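Here are my comments on the model, as numbered points. Please read them with the structure open.

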Amino acid sequence: MANKILLITPPLTQLNCAYPATAQLCGFLRKNGIAAEQRDLSIELIHRILTKEGIGQIMKHAEERTLEEGLRVSKPTRIAISNGHFYVQWVEAVCRFLQGKDLSLQSRLADRDFWPMGNRLPAEDDLDWDYGSAGTYNRAQLFCTLFLEDIAKVIQETVSEHFEMVRYAEKLCMSLPDATPLFEALKEEPNLIDGWMLELLEERMKQADELTHVGLSIPFPGNLYAGLRCAQYIKKMYPTIHVTMGGGYVNTELRQLSDPRIFDYIDSVTFDDGEAPLLHLLTDGQPVRMMVRQDGKVERLEMDSWENIPFKETGAPCMECLHLDGYLDTADSANPMQRLWANGRWNKLRMAHGCYCAKCTFCDTKLDYIGRYE
């Protein structure tokens with residue numbers, strides 16, 4: 001039977017566009033005759049949360065924990081919980097506005113007096129300085145972003161302490177001298193957010209017929225916990241499927257991996273450009289830049305290989321199965337450089353491989369997939 005892979009971006013990454021790794025790999029694999037599908041589980045989870053039903057469940061859970069269990073929360077979170085009906089009523093309209101599907105709301109959403117979170121809103125003088133008298137859309141965008149941040153804070157303080165809207169359990173995965181806290185968190189029962197993520201994962205697994213492999217893209221530390229939680233579920237429910245993991249965080253932070261416990265959840269870890277390792281894994285099974293567990297120890301297989309697919313042969317990204325109209329145009333800051341990264345919809349197309357300079361001291365330019373310019 002021919003191999004078939006499902007590529008997944010686990011929660012959580014930026015809200016305004018799909019992270020491009022799975023699209024690039026999916027396009028390359030299909031070009032080479034390999035059945036490949038992809039899902040952005042990150043934005044799918046966000047849309048599971050940001051519904052009337054989802055926010056209703058979160059606010060009910062928060063009320064029970066604060067009123068019945070006596071859980072202490074911050075003042076902004078108390079205000080948000082006390083106005084839970086407002087968040088339930090407006091969450092879907094806010095999402096439609098941030099998706100660009102209903103701009104008729106911008107005047108109302110730009111009014112400071114409309115929102116029940118006055119203690120968190122910027123001063124009017126600051127708003128005038130940032131956006132001027134003509135910045136109605138930008139003001140509305142900022143207020144809607146603060147609305148989502150309020151929801152994230154409620155989740156963080158009452159459901160999962162590790163939750164943030166664009167990263168999940170990042171602190172568990174930053175510069176790990178010891179991965180024990182991460183593995184201990186994975187032993188706990190899935191919380192409400194984890195449960196919704198795993199429900200979405202199960203739906204995607206059922207939609208992809210005859211899967212033999214799942215590939216998890218981990219670009220940032222805020223994707224690792226959710227990625228391993230997904231892998232844990234797959235190994236339990238679909239034990240014959242090979243689960244592999246790669247991505248930017250893996251390439252930079254796990255190169256000296258020695259803790260074999262990570263292989264309780266996955267079967268292999270690939271490094272640097274993913275095209276060659278995945279192509280071999282799915283065709284002849286020969287390892288290229290890969291780690292596995294053998295006899296209880298981490299084994300490094302062909303880690304020094306320089307085999308790569310020439311950039312001109314990697315092909316164009318495939319955007320199929322990515323719901324491009326579902327991303328949110330949020331406003332983290334009025335700073336124009338930050339807005340360039342976080343705002344607007346981006347369909348990312350690589351025009352070159354690597355860096356032509358490769359001399360910046362803050363960058364991992366010694367790594368082949370960063371420093372090799374084509």
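1. P221 counts as buried, at 13% relative accessibility. P221 sits in the loop between β5 and α12 (224–237). The C-alpha atoms of P221 and V250 are 8.8 Å apart in space, although 29 residues separate P221 and V250 in sequence.

2. The mean pLDDT of the chain is 89, and 89% of the residues score at least 70. Strand β5 (residues 213–217) has the highest confidence, at 98, while helix α9 (residues 170–173) has the lowest, at a mean of 58. Where pLDDT is low, the predicted coordinates should not be read in detail.

3. Helix α11 (residues 192–207) passes a simple length check. With 16 residues at 1.5 Å a residue, α11 should span 22 Å, and the 23 Å between its end C-alpha atoms agrees with that. N191 caps the N-terminal end of α11, with a side-chain oxygen 3.0 Å from the backbone nitrogen of I193. The buried residues of α11 include I193, W196, L200 and L201, but also the charged D194, E202 and R204.

4. What does D194 meet in a salt bridge? The partner is the side chain of R229, at 3.7 Å, N to O. Because R229 belongs to helix α12 and D194 to helix α11, the pair ties together parts that are 35 residues apart in sequence. Both ends fall below the 20% cut-off for buried: R229 has a relative accessible area of 2%, and D194 has 1%.

5. The count of salt bridges comes to 17. One of them joins the side chains of E37 and K4, at 3.2 Å, N to O. E37 lies in strand β2 (residues 35–40) and K4 in strand β1, so this pair links parts 33 residues apart in sequence. E37 is buried at 16% relative accessibility, and K4 is buried at 15%.

6. A further salt bridge is formed by the side chains of R350 and E275, at 3.6 Å, N to O. R350 is in the loop between α15 (336–342) and α16 (368–371), and E275 is in helix α14 (residues 275–282), so the pair ties together parts that are 75 residues apart in sequence. R350 counts as partly exposed, at 33% relative accessibility, whereas E275 is buried, with a relative accessible area of 7%. Salt bridges with shared partners also join D273, D368, R372 and E374 into one network.

7. The largest nonpolar core has 90 residues, and I49, L50, F147, M245 and I266 touch the most other members. Helix α8 gives the most to this core, with 11 residues. Another core, of 17 residues, lies apart from it and includes C26, A276, M290 and C318.

8. Is D150 buried or exposed? D150 counts as buried, because its relative accessibility is 4%. D150 is placed in helix α8 (residues 136–158). Its side chain makes a polar contact of 2.8 Å with the side chain of Y87.

9. Next, the pairing of strands β7, β8 and β9. Strand β7 (residues 268–270) pairs with strand β8 (residues 290–294) in the antiparallel sense over two bridges, and M290 in β8 is the bridge partner of T270. β8 also pairs with strand β9 (residues 297–301), in the antiparallel sense over five bridges. In that pairing V292 stands opposite E299 in β9. β8 and β9 form a hairpin with two residues between them.

10. Some backbone geometry deserves a look. D295, in the loop between β8 and β9, has a phi near 55°, a positive value in a residue other than glycine. D295 counts as exposed, at 81% relative accessibility. E210, in the loop between α11 and β5, also has a positive phi of about 55° although it is not a glycine. E210 is exposed, with a relative accessible area of 61%. The peptide bond from P11 to L12 is cis, with omega near 0°, and L12 is found in the loop between β1 (4–9) and α1 (21–31).

Key. Residues are numbered from 1 along each chain as its sequence is written. This is a predicted model: local features need pLDDT of at least 70, side-chain atom pairs count only at pLDDT 80 or more; totals for chains, interfaces and linings use all residues. Side-chain values use heavy atoms; hydrogens and water are left out. Two strands pair if DSSP finds at least two bridges between them. Helices (H or I, at least four residues) and strands (E, at least two) are DSSP runs, numbered from the N terminus. The expected span of a helix is 1.5 Å times one less than its number of residues. Buried means under 20% relative accessible area, exposed over 50%, partly exposed in between (1.4 Å probe, protein chains only). A polar contact is a pair of N or O atoms within 3.5 Å; within protein, one must be able to donate a hydrogen and the other to accept it, and residues adjacent in sequence count only if both atoms are side-chain atoms. pLDDT is the predictor's confidence in each residue, from 0 to 100. A nonpolar core is a set of buried Ala, Val, Leu, Ile, Met, Phe, Trp, Tyr and Cys residues joined through side-chain atoms within 4.5 Å. A salt bridge is a side-chain nitrogen of Lys or Arg within 4 Å of a carboxyl oxygen of Asp or Glu.
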